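Dear colleague,

I am handing over a structure that you have not seen before, and below it I set out what was found in it. Please read the notes with the structure open beside them.

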Amino acid sequence: MSVDWISKLREIVVESLERSWLPFPVEGDICEGWKRGLEVGGGRSTVLYTSCMYHLAPVVEKAVEALEKYGAARGGVRSSLAAFAARAFGGLLLKPEREEVERADAVVRKIYGLLRRSGVEFGLLDREVYSGALLYELGLVDDFAAYAKKVAQYFRERGVRRVITVDPHTHHLLEKVYPQYVDFDVEVVSYIDLVKPVGVTQRGFAIHDSCLYARFLGRYDAVRKLLAAGEPVEDPYVTGRETAQCCGGPIESLFPEVARKIAEARVRDLSRLSNKVVVQCPICYINLRRASGGRIELYHLAEVLE
C-alpha cells in the first residue's frame, strides 16, 4: 500500500467534509432528493438519519472502479493518477448512475414509509450530514474525532435527542464509537428494531449479513425475524452468525483488488444457496454487485419488506 495514496485519500476526504459535510465532492443535493414531498424539520427531537450512506454507495462504486484502473495501492505515478480519479468522485467523470441514485431514494423512502406505518413518530433533518465512518474505518482517528464533534454539535443545535439509523456503519459509529471521542448523549436506534412489516415480497433468498449488525450490534436474529415469511435459505457455514464471510468492504478505497477477491468468494458461496440475496448494508450491496457479474439478484432489506 502506498503511503502517498493514503495521504492523498485523507486529504480528499477531510477537505470535502469541511466543504459539504460529505466525504467526496458530490453534488450537494444528492442526499436530499428522497425527501421531496415529505415534511422536513418540525423541531422533533427524534429524526430519521441517513448519513447519506445509500446515496454515497453508488459514488463509491464508481470510484473503486477508477481506483482499480489506476492502481491506487501501487505507488508512484499510478498513485497520483488514482488521487486524480478520486478527486473526480461525483464529478463529471464519476457521477453515479441516475438509476442508482433513484434506487437509493426509493430505499430510504421505503424505510420512511415502513416507520410511519408502524406508528413511529419522527422528523427529518433539514440537511443530511455524513457520520464520519470512513475516517474512522481508515484509521484517521484524530480527523474523525474533530469531525465527530461537529456532527454532535449539528445534532445539538437542532434539538436532536434520538436518531433512527438506516445502515450498520452509521449505527455502530454513533452508538459504540462517538461516546469514546465526543460528548454525545443522543439515543441511537435502528429502523430494524422499529418497523412492523406485514410480509416479504421475495421467497427463497439467501441473507448476506452485515458483519456489524450480526456480530457487534446484536441484530442477527432481528433480521431473520423480519425476513422469516420469505423462507430464506440458510447454511451454517455460509449464513451463520460467526461463520459468514465479509463482503470486502470498507477496504475497497485502500485495497480495491483485495476487496473484489473477497466479494467474489462471498458471491460464490451465496449463489450456491440462491440466485437472490438480501443485504442490509449499502456497502455490502456495492461490493457484492460489482463482483457478481450478474450471477445474483441483490435486494436491500427494506426493498423486500411490505
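**The sheet with helix α11**

Helix α11 lies across β5, β6 and β7 and runs at about 170° to β7, where contact means heavy atoms within 4.5 Å, and where axes are lines fitted to C-alpha atoms, for helices over the stretch in contact, with angles from 0 to 180 degrees between N-to-C directions. Helices (H or I, at least four residues) and strands (E, at least two) are DSSP runs numbered from the N terminus. This is a predicted model, in which local features need pLDDT of at least 70 and side-chain atom pairs count only at pLDDT 80 or more, while totals for chains, interfaces and linings use all residues. Residues are numbered from 1 along each chain as its sequence is written, and side-chain values use heavy atoms, with hydrogens and water left out.

The three strands form an open sheet in the order β5-β6-β7 with parallel pairing, two strands being paired if DSSP finds at least two bridges between them. Because β5 (206–208) and β7 are at the edges and have a single partner strand each, one side of each is left without a neighbour in the sheet. From one strand to the next, the twist averages 30°.

Between β6 (residues 276–279) and β7 (residues 297–300) there are four bridges; Lys276 stands opposite Glu297, and Val279 stands opposite His300. Together with α11 (residues 282–292), these two strands make a right-handed β-α-β unit, meaning that, with the strands pointing away from the viewer, the path from the first strand over the helix to the second runs clockwise.

**The strands around β3**

Strand β3 (residues 162–165) is joined by four bridges to β1 (residues 46–49), in parallel, and β3 also pairs in the parallel sense with β4 (residues 187–190) over four bridges. Val163 is the bridge partner of Val47 and stands opposite Val188 in β4. From β3 the chain crosses through helix α7 (residues 168–181) to β4 in a right-handed crossover.

**The nonpolar cores**

A nonpolar core is a set of buried Ala, Val, Leu, Ile, Met, Phe, Trp, Tyr and Cys residues joined through side-chain atoms within 4.5 Å, and buried means under 20% relative accessible area (1.4 Å probe, protein chains only). Of the 61 residues in the largest core, Tyr130, Phe155, Val163, Tyr178 and Phe184 touch the most other members. Helix α6 (residues 141–157) gives the largest share, seven residues.

Best regards

Definitions and conventions:
Buried means under 20% relative accessible area, exposed over 50%, partly exposed in between (1.4 Å probe, protein chains only).
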